[in-house]
Every structure is written in C-alpha cells, then in structure tokens.
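Hi everyone, thanks for coming along.

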Amino acid sequence: MAAAKSPKPVKHTAFCYSFTPREMWYFLFGKKICPRCGGKLRKHKGHVTLHGEMPHSHDKPIRIDTSRVKYYRYQYACDSCGAVFTLGKLAGTEK
Ligand SMILES: [Zn+2]
C-alpha cells in the first residue's frame, strides 16, 4: 500500500529578492494603508518558485543553478476589506 503523500518542501537551488528602488522605499518607509478603504495593511511574506530563470538576471553573471529559484515577494493584506496588494502595486511600479 502506498504511503500517504506527505508534502515535502521543495528544495530550492537558489533564492532571490527583487525590489525596485521604489518598492524598497515603500517597504521601509511607506504608509501601509489600504488604497481601497484606508484600512491597515498587514505584511505577508510569500514566495514563488521560478524554474530555470532568475528575475533581472541580465544584470549579473549567473553562475548558480537556477533550476528552482525561490523568489521572495511581499504582499500586504487589508484587515478591514480583505484586499491583497503586492508590494509592486502599492509602490506604483506594477499595474
Ligand atoms: Zn481595505
């Protein structure tokens, strides 16, 4: 009998953060206020796994295994209305 599938954490081969200067500024100093209702936003750290690519990799020479890149991204969720915004959206770099 097959054992129940246990959710094994994916082993990542690399990780990266991607912040534009604007996003960095918002992350550090911006007012974390919901654009929809003015409520308080709560930060969530999440990640996506990218396969065989690195965001903004044209900037730097790549000598790492990019088969599974753990790409961290931040999201903010509103306590009052439940809306979720990405950091890029709040900083105005993402539509
Ligand atoms: Zn809200």
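Let's begin with strand β2, residues 41–50, which is hardly covered: of its ten residues, the count of buried ones is one. Two terms there need explaining. Strands (E, at least two residues) and helices (H or I, at least four) are DSSP runs, numbered from the N terminus. A residue is buried if 20 or more other C-beta atoms lie within 10 Å of its own, exposed if 12 or fewer, and partly exposed in between, with C-beta atoms placed from the backbone.

Before going further, a word on where this comes from. Residues are numbered from 1 along each chain as its sequence is written. This is a predicted model, in which local features need pLDDT of at least 70 and side-chain atom pairs count only at pLDDT 80 or more, while totals for chains, interfaces and linings use all residues. By pLDDT we mean the predictor's confidence in each residue, from 0 to 100. For the protein chain the mean pLDDT is 84, and 86% of the residues reach 70 or more. Confidence is lowest in β1, at a mean of 83, and highest in strand β4, residues 84–86, at 93.

Now the overall layout. The protein chain has two helices and four strands, and from the N terminus on the order is β-α-β-β-β-α. Buried residues make up 9% of its 95 residues.

Which strands pair with β3, and in which sense? Pairing here means that DSSP finds at least two bridges between two strands. Ten bridges join β2 to β3, and these two run antiparallel. If you want to find them on screen, His44 has Gln75 in β3 as its bridge partner, and Leu50 has Val69. β1 pairs with β3 in the parallel sense, over four bridges; Tyr17 stands opposite Tyr72 there. Finally, β3 and β4 pair in the antiparallel sense over three bridges, with Ala77 opposite Val84. β3 and β4 also form a hairpin with five residues between them, and Gly82 in the turn has a positive phi of about 80 degrees.

Is Arg42 buried or exposed? Arg42 counts as exposed, because 12 C-beta neighbours lie inside 10 Å. Arg42 and Tyr76 are 34 residues apart in sequence, yet their C-alpha atoms are 5.2 Å apart in space. Not counting residues up to four places away in sequence, Arg42 touches Tyr76, Ala77 and Asp79. Contact means that the C-beta atoms of two residues, placed from the backbone, lie within 7 Å.

Next is Lys70, in strand β3, residues 69–78. Lys70 has 16 C-beta neighbours inside 10 Å, so Lys70 counts as partly exposed. Lys70 and Cys16 sit 54 residues apart along the chain, with 6.3 Å between their C-alpha atoms. Leaving aside neighbours within four places in sequence, the contacts of Lys70 are His12, Phe15, His47 and Thr49.

Leaving aside neighbours within four places in sequence, Val10 is in contact with Thr49 and Arg68. Val10 counts as exposed because there are 10 C-beta neighbours inside 10 Å.

What about helix α1, residues 21–29? Arg22 has its place there. Arg22 and Gly92 are 70 residues apart in sequence and 8.0 Å apart in space, C-alpha to C-alpha. Not counting residues up to four places away in sequence, Arg22 touches Ala91, Gly92 and Thr93.

Last stop: the core. In soluble globular proteins, nonpolar side chains tend to be buried together. A nonpolar core is a set of buried Ala, Val, Leu, Ile, Met, Phe, Trp, Tyr and Cys residues joined through C-beta atoms within 7 Å. The largest one here has seven residues: Tyr26, Cys34, Leu41, Tyr76, Cys78, Leu87 and Leu90. The elements that give two or more residues to this core are β3 and α2 (87–91). Among the contacts of Cys34 beyond four places in sequence are Leu41 and Cys78.
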